[in-house]
Amino acid sequence: MPSKAPFRSACRVKVCLGAALGVLTLTLASAASAQELNLYTYREPGLIKPLIDEFTKETGIKVNTLFAASGLEERLRAEGASSPADVLLTVDIGRLQQAKDYGVTQAVKSEALEKAIPAAYRDPEGHWFGVSLRGRVVYASKDRVKQDAITYEDLADPKWKGKICIRSGQHLYNVSLFAAAIAHMGEAKAEEWLKGLKANLAKKPSGGDRDVVKDIAAGVCDIGLGNTYYVALMLNGKDADQRKQAEAVKVILPTFQGGGTHVNISGVTLAKHAPNRENALKFMAFLTSDTGQRIHAHVNHEYPINPKISVDETIASFGDLKPDTLPIAEIAKLRKTASELVDKVGFDR
Ligand SMILES: [Fe+2]
């Protein structure tokens, strides 16, 4: 079983906010402490820092952060009972559910969390909680696409032949969308739909959501699928090329026939062996507090999970989001089938 040393050394080679703040407290990270919290996250440092700064200001609890691009669920599993992790903060139900399936999370019963987070966006057994929402939506050329409304089902219409761009069908964002399609249409119809969508692609699935925006701006395709916040980040970012690309694109909030817009969550879980359990619970409650929600939603242009908190201006300009009412936990159950369908129809080939 690995010791807790890897947490400390990883902090040294990656970005560790505790260290960045000049707080040399990592030697305490392995022990329970009234003053500390160990956070594992995939989320970008720029998003996390304002949240952590505010949390520390409010509570006096220092947050030691381990950032990684992949493999945190596996790491938690390998560390087992000696893991220093208290909280895992990540995106997409795929990763949250995987953490639960690996047995590295523990159930939480919290009135504060249940009050702030609608039931559709948390695990019925309390192992994961959504803290923000993102829509998986249609990006469309302002010049070449006149319509301002569309259904997901329409994306398989041959009228879009050679006009659609998308990242890999196996990317977790798409797998979750396709799982929602299965829930709405049934597996057989979803398979036909996926084949139709593939037949309409302008090029092999590749790149990321920002590349879809870029391709639409360059005329490679007319429409594409991506998450709401990428266009907002490009419009508000420092990169002049990306701003120009995003300005050529409009966001259409698609809906399933008889349903709403597919949303996914960024969310949080309490690590099974959290040494600083009480501090972790305070952090989880903070993320869903009005202050935490405002920071989270505005820095990364996500929809607050708490409907009482307003969305930021750019996101609001996309129109009124009517989130699909399908519980995220139902989508999680269909992800495996969705991933198998992606292979079955040769989506990425
Ligand atoms: Fe993303």
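Which residue in β9 does S132 stand opposite? S132 stands opposite S266.

A word on the source. This is a predicted model, where local features need pLDDT of at least 70, side-chain atom pairs count only at pLDDT 80 or more, and totals for chains, interfaces and linings use all residues. Residues are numbered from 1 along each chain as its sequence is written, and side-chain values use heavy atoms, with hydrogens and water left out.

Back to β9. Strands here are DSSP E runs of at least two residues, and helices are H or I runs of at least four, numbered from the N terminus.

Now its partners. Two strands pair if DSSP finds at least two bridges between them. β5, residues 129-141, pairs with β9 in the antiparallel sense over 6 bridges. β3, residues 87-91, is also antiparallel to β9, over 5 bridges. There, L88 stands opposite T269. β4, residues 105-106, is antiparallel to β9 over 2 bridges. Q106 faces L270 in that pairing.

Zoom out. The chain has 15 helices and 10 strands. Of its 349 residues, 56% are buried. The C-alpha atoms fill a box of roughly 60 × 40 × 35 Å along the principal axes.

Last, contacts, meaning heavy atoms within 4.5 Å. Among those between residues at least 6 apart in sequence, 80% join residues at least 24 apart.

Note on methods: Buried means under 20% relative accessible area, exposed over 50%, partly exposed in between (1.4 Å probe, protein chains only).
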